[in-house]
Amino acid sequence: MKILLVSWPVLPMSGGSSVIIENLVRNFSAEEMVVLGSSRLIQNNRIKARDNGVKFHYFRSELYFFGRGYRYFIWFRKWRFQPLIRKIKKIIVEEGITQVMGVYPNPFYCLAACRAAEEMQIPFSAYFHNTYADNLAIKDPQALKIQEEIFKRAKLIFVMSEGMQTFYKAKYGLSKFLPLLHTFNKKPGDGAMTSSSFVKKKTFHLVAIGNFNESNLEATRRFLDTIKDHPKYKLHLYTHVPALLLKRRGLDPKYYQHCGSVSHDQIHGILQKYDICLLTHGFTGGYGPIEYQTIFPTRTIPMLLSGKPIFAHSPKNSFLNQFLEKHKCALIVDSKSATDIISGLDKIADNPSLQRQLVEAANAASQQFYGPSVVADLKNALKKIE
């Protein structure tokens, strides 16, 4: 079995999806996997091969101005669609590929992988990081048609969480949906965990990481508005989103510390500097109810591994809340009340015993995301369709 993984987001592109792909790829050998990802027209920091030997190929499909403007150049990506299919077919022949996996959150790359596999008469599977046609933020009139084609032709459809699997099975009545979880590749206990200092303090420094957009912006804005003048709690954000853009989104840097972007390899060390990890998840926003119900934020995994207590501001009935409640690995405030938010923070800050309980529970919950174990199940599933 040799898989061609076709994914629009791959390193060095920033974002959670690139990290998901990177962690997944590290559990395959050069004989098992080849990767094709997107590239800007001029880009010099592309990866030739991982240290495990897995080759990376790139396809020039991106136009940006200063790293922005994805939605303004969709026309260019559509123009490059047929050349992308030809590129995939060429790699299939040259690398001896026996099956293809297409990744969404980009419909063009996932659909191109689907059609190339069909033309080459080899098995195709899909990997959905988010909902597509069911996401209200997707305005493409072709979205449902594209999704129907991918769902029909895919032998297996991997999804990011059990919540997505449950939703898709109920709506589409198909049995080929399987969860493929986020992964990490360094077990707690061999350097990934450090002990937290469980004490009371006058000031608690909170840290949030990731991309602050429609998936979590509303909840993050409410949290910041709640603590912005509170003497006990200070918030630091690590994100590639510029402070000026965040200000336009309602996150005024006067009330938090903007710390810039951080690489995936640096995240664990950064989290060690803080007292509490903040995990925000949108109650409402432009994505629509189903997306907020099923999202499982990428940043959850490094927080579980951080050795720091997690404070989650997340809505009722979301899969994220179900997971956190099941494993008792975060203090959850699912209310929009500022009083409830401060009360929840105080419960963590004033109770070193609770801090320790949350960290120990997070450590236990993280085990299910260990890369080699997750990928072993993935490989078994893919062997069956080959």
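## Helix 3: length and faces

In this predicted model, helix 3 covers residues 81-95, and its 15 residues should span 21 Å at 1.5 Å a residue. The end C-alpha atoms of helix 3 are 21 Å apart, which agrees with that expectation.

Phe81, Leu84, Ile85, Ile88, Ile91, Ile92 and Glu95 are the buried residues of helix 3. Viewed down the helix axis, these buried residues fall within an arc of 125 degrees, so they line one face of helix 3. An α-helix has 3.6 residues a turn, so residues three or four places apart point the same way. Arg86, Val93 and Glu94 are exposed on the other side of helix 3. After helix 3 comes Gly96, which has a positive phi near 65 degrees.

## Helix 13: length and faces

The buried residues of helix 13 include Ile341, Ile342, Gly344, Leu345, Ile348 and Ala349. Seen down the axis, the buried residues of helix 13 fall within an arc of 160 degrees and so line one face. Thr339 and Lys347 are exposed on the other side of helix 13.

## Contact between helices 7 and 13

Helix 7 (residues 217-227) and helix 13 (residues 338-349) have axes that come within 10 Å and cross at roughly 75 degrees. Helix 7 is therefore roughly perpendicular to helix 13.

From helix 7, Arg222, Phe223, Thr226 and Ile227 meet Ala338, Ile341, Ile342 and Leu345 of helix 13. By class, this contact has six nonpolar residues, one polar and one charged.

Definitions and conventions:
Residues numbered from 1 in each chain as written. Predicted model: local features only at pLDDT ≥ 70, side-chain atom pairs only at ≥ 80, totals over all residues. Heavy atoms only, no water. Axes fitted to C-alpha atoms, helices over the stretch in contact; angles between N-to-C directions. Helix = DSSP H or I, 4+ residues; strand = E, 2+ residues; numbered from the N terminus. Parallel < 35°, antiparallel > 145°, perpendicular 65-115°, else oblique. Contact = heavy atoms within 4.5 Å. Nonpolar A, V, L, I, M, F, W, Y, C, P; charged D, E, K, R; others polar. Expected span 1.5 Å × (residues − 1). Buried < 20%, exposed > 50% of the residue type's maximum accessible area, 1.4 Å probe, protein only. Arc of directions from axis to C-beta.
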